[in-house]
Amino acid sequence: MSGDELAQLGLAVAVTLALIGVSALFGAWRSIRIDGPAARDRLAFDEPDFTIDDMMVGIDGRSAVAVDRGKGEGAVVFALGDSLATRRFRLGALGAAAASTRLRISLHDVSRREVDVLAPDVESAAEWARRMQAAPLERRDAVP
Amino acid sequence: MQFPDAVQTAVPFFGLFVVIEMIAWRLTGRGRYETRDSAASLAMGLGSQVAPLFGGAAVVGAALVGAYQYRLFTVPNTLWAVVLCFVLDDLRYYWWHRWSHEIRWFWASHIVHHSSQHYNLTTALRQTWTGQILGSIITKAPLALLGFHPAMIVFVGGLNLIYQFWIHTEMVGRLGPLELVLNTPSHHRVHHATNPRYLDANYAGALIIWDRMFGTFVEEVPEEKPRYGIVKNLGTFNPLLISFHEWISMARDLKSARSWREALGYLFGPPGWSPDGSRLTSALIKERWRRMSAPSKEAAGGASPVTA
């Protein structure tokens with residue numbers, strides 16, 4: 001790398017850092033708080049054929065988990081900055097474990113390995129972990 | 001005629017216009033900014049300027065110079081030639097861009113540019129660190145073979161990139177008759193949207209005429225606000241993961257392939273392709289959308305909103 005190229009790189013780094021600083025100064029460092037309607041809206045857009053039979057929104061507003069019993073599928077909605085993202089999966093296909101009030105769902109995803117949903121109580125966390133894992137039974141129960 | 005490094009010259013102006021857009025966002029409430037998203041976009045932009053220095057730029061330059069040795073004509077370095085080269089380069093860009101959405105190997109690089117859920121001037125700078133070499137050689141070499149000087153080809157490519165900067169904004173509405181010819185913020189918002197109605201449309205660089213000619217033009221409609229990003233939005237702001245996540249996913253898929261056909265499908269099929277059809281390509285997403293919205297359209301007596 002030549003001296004000129006180094007100088008140009010230095011300028012670009014300085015501009016980048018300055019812009020990040022200005023953005024923060026302008027109040028753009030924002031985090032969304034997920035509620036039921038926001039999670040439903042995002043799921044309806046990303047997965048329009050996913051029927052939400054039941055949903056639990058984390059009490060910290062960072063994530064939510066939902067189940068479509070008819071299809072034997074689950075979905076998580078999680079916050080990323082001021083935006084939301086979703087992942088849909090077959091029940092029983094992913095790891096799910098409850099530790100106290102925290103439900104942890106392991107995703108086979110490069111950009112997001114796991115999502116934690118903070119349940120309102122220990123029983124809810126355990127119940128949702130069971131739902132995420134007990135796919136065959138849930139599906140048989142749900143099919144009309 | 002000397003050809004300056006247009007992109008390097010423009011870098012300080014990129015920064016200035018980002019600040020102006022942020023101020024406009026604070027004053028008017030139009031558009032949307034998030035610091036970590038912007039930081040990720042800017043980091044990607046910075047990396048995209050550094051990455052070619054590791055050899056890619058030299059390889060592309062050598063390929064263009066090599067092709068120029070076998071040129072059919074010798075186009076003089078005049079203003080009209082620059083204009084002609086710009087138009088032909090824009091046509092080249094249309095097809096390269098379209099392949100970047102239709103072929104997963106190329107999409108693995110281009111997905112980076114679409115991976116933000118925001119649409120502002122920093123999104124314009126969210127550029128790939130990989131994948132410019134093969135695509136540039138394949139699509140730019142014909143211009144050198146036609147007889148355009150390699151320096152001119154690089155120059156007009158830079159101009160095209162600079163043009164595309166300002167159209168990444170929600171601040172600008174529609175631009176009247178200019179919408180017929182130029183790629184505008186409105187047209188490019190459609191391109192970045194994940195609404196099924198808008199998927200795989202408006203691949204233009206500077207001139208929207210190519211989309212109109214090749215049947216990929218879709219108009220932005222007031223009743224459907226674009227929702228930006230990719231159909232499976234990222235769960236990270238980490239620039240390394242943003243840059244390489246699709247390559248890693250592709251490698252995983254390739255490892256699971258049970259035949260050559262599957263391997264080729266994973267590499268060169270459309271993004272979202274899978275052997276059993278369990279994943280969704282954009283064509284399948286659009287098909288699902290048409291199917292699910294059909295009753296409501298019939299009730300309203302409307303035609304299909306897909307214009308592409």
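A polar contact is taken here as a pair of N or O atoms within 3.5 Å; within protein, one atom must be able to donate a hydrogen and the other to accept it, and residues adjacent in sequence count only if both atoms are side-chain atoms. By this rule, 18 residue pairs are in polar contact between chain A and chain B, both residues being at pLDDT 80 or more. The model is predicted, so to speak of local features requires pLDDT of at least 70, while side-chain atom pairs count only at pLDDT 80 or more and totals for chains, interfaces and linings use all residues. Residues are numbered from 1 along each chain as its sequence is written, chains are lettered from A and ligands numbered from 1 in the order in which they are written, and side-chain values use heavy atoms, with hydrogens and water left out.

We turn to the interface. Contact (heavy atoms within 4.5 Å) links 41 residues of chain A with 37 residues of chain B. The two chains bury about 3,600 Å² between them, 63% of it on carbon and sulfur atoms; buried area is the accessible area (1.4 Å probe) that two parts lose on being put together, summed over both. On the side of chain A, the residues losing the most area to chain B are F26(A), F45(A) and V110(A), which together account for 19% of what that side buries.

Four salt bridges are found across this interface, each a side-chain nitrogen of Lys or Arg within 4 Å of a carboxyl oxygen of Asp or Glu. In one salt bridge, D41(A) pairs with R227(B), with 3.1 Å between the closest N and O atoms. Elements are DSSP runs numbered from the N terminus: helices (H or I, at least four residues) and strands (E, at least two). Those giving two or more residues to the side of chain A that touches chain B are α1 (3–25), α2 (36–46), β3 (73–80) and β4 of chain A. The largest share, 13 residues, comes from α1(A).

Within chain A, an automatic or database assignment sets the domain bounds, giving domain 1 (1–29) and domain 2 (36–142). Their C-alpha centres lie 39 Å apart.

Chain A also holds an open, antiparallel sheet of four strands in the order β1-β2-β3-β4, where pairing requires at least two DSSP bridges between strands. Because β1 (54–57) and β4 (83–90) of chain A stand at the edges with a single partner strand each, one side of each is left without a neighbour in the sheet. Four bridges join β1(A) to the antiparallel β2 (residues 63–68) of chain A, and V57(A) has A64(A) as its bridge partner in β2(A).
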